[in-house]
Amino acid sequence: MSKLYAQVEKTNAHEKLHPFKRSTSIDTVNVKLSELDMSHLEIVEQLGEGQFGEIHLCRYRNPLPPAHDRDREKTSTEESMVAVKFLRPDCDEMTRSDFEHEARILTSLSDVNLVRVMGVGYRSDAPEELEAMVCEYTSLGDLCQFLDAHVAETTLSKSPNVPTLR
């Protein structure tokens, strides 16, 4: 991969970088963000750091309503592992706006091959400001990690114990 990136950098060295321009092809204004209660998150470990801040593996405990009226006192809890993108608290207004824009775009996408955004969390001290984006967690990691761990199936990869992309 590093050779590929070096080649891309060499090939594009003469081109001027253009500033980020938001896409207008997706109507993000009318995308409803589903709010999740941040108090139901328990941080397990830091997975990495992204453009907007840290990304953590979290346990999400979601209290489920009782199945029947007669079981009102028997509220159960559903537990799942999620990946949470936290926005840096000291970021500027443009970064905050870009984070919300990304949350709206990802929320509007629906495909079995994409990680689903389950909801967002707002700051408790400023309820109008987005704090985090909660996404499904995949144990296979992101696409780059998956590709690093697997090789394309060729005659060279027919060796035993070599994971392939098939």
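Reader: Why is cysteine 58 called buried?

Author: Buried means under 20% relative accessible area, exposed over 50%, and partly exposed in between, with a 1.4 Å probe and protein chains only. Cysteine 58 has a relative accessible area of 0%, so cysteine 58 counts as buried. Please keep in mind that this is a predicted model, in which local features need pLDDT of at least 70 and side-chain atom pairs count only at pLDDT 80 or more, while totals for chains, interfaces and linings use all residues. Residues are numbered from 1 along each chain as its sequence is written, and side-chain values use heavy atoms, with hydrogens and water left out.

Reader: What makes cysteine 135 buried?

Author: Its relative accessible area is 10%, and the limit is under 20%, so cysteine 135 is buried. Beyond its neighbours within four places in sequence, cysteine 135 is in contact (heavy atoms within 4.5 Å) with Val82, Ala83, Val115, Arg116, Val117 and Met118.

Reader: How many disulfides are there?

Author: A disulfide is a pair of cysteine sulfur atoms within 2.5 Å. By that rule, the count is 0 disulfides.

Reader: What makes a set of residues a nonpolar core, and which residues form the largest one?

Author: A nonpolar core is a set of buried Ala, Val, Leu, Ile, Met, Phe, Trp, Tyr and Cys residues joined through side-chain atoms within 4.5 Å. The largest has 11 residues: Leu33, Phe52, Leu87, Cys91, Phe99, Ala103, Val117, Val120, Leu130, Met133 and Cys135. Helix 2 (93-108), strand 4 (117-122) and strand 5 (130-136) each give two or more residues to this core, and strand 5 gives the most, with 3 residues. Apart from this core lies another, of 10 residues, including Leu36, Cys58, Val82 and Phe86. In soluble globular proteins, nonpolar side chains tend to be buried together.

Reader: Why is phenylalanine 86 counted as buried?

Author: Phenylalanine 86 has a relative accessible area of 19%, and the cut-off is under 20%, so phenylalanine 86 is buried. This residue is found in strand 3 (residues 76-86). Leaving aside neighbours within four places in sequence, the contacts of phenylalanine 86 include Met38, Ile43, Phe52 and His56.

Reader: Is histidine 56 buried or exposed, and what does its side chain contact?

Author: At 9% relative accessibility, histidine 56 counts as buried. Histidine 56 lies in strand 2 (residues 54-64). Its side chain makes a polar contact with the side chain of glutamate 54, at 2.9 Å. A polar contact is a pair of N or O atoms within 3.5 Å; within protein, one must be able to donate a hydrogen and the other to accept it, and residues adjacent in sequence count only if both atoms are side-chain atoms.

Methods: Helix = DSSP H or I, 4+ residues; strand = E, 2+ residues; numbered from the N terminus.
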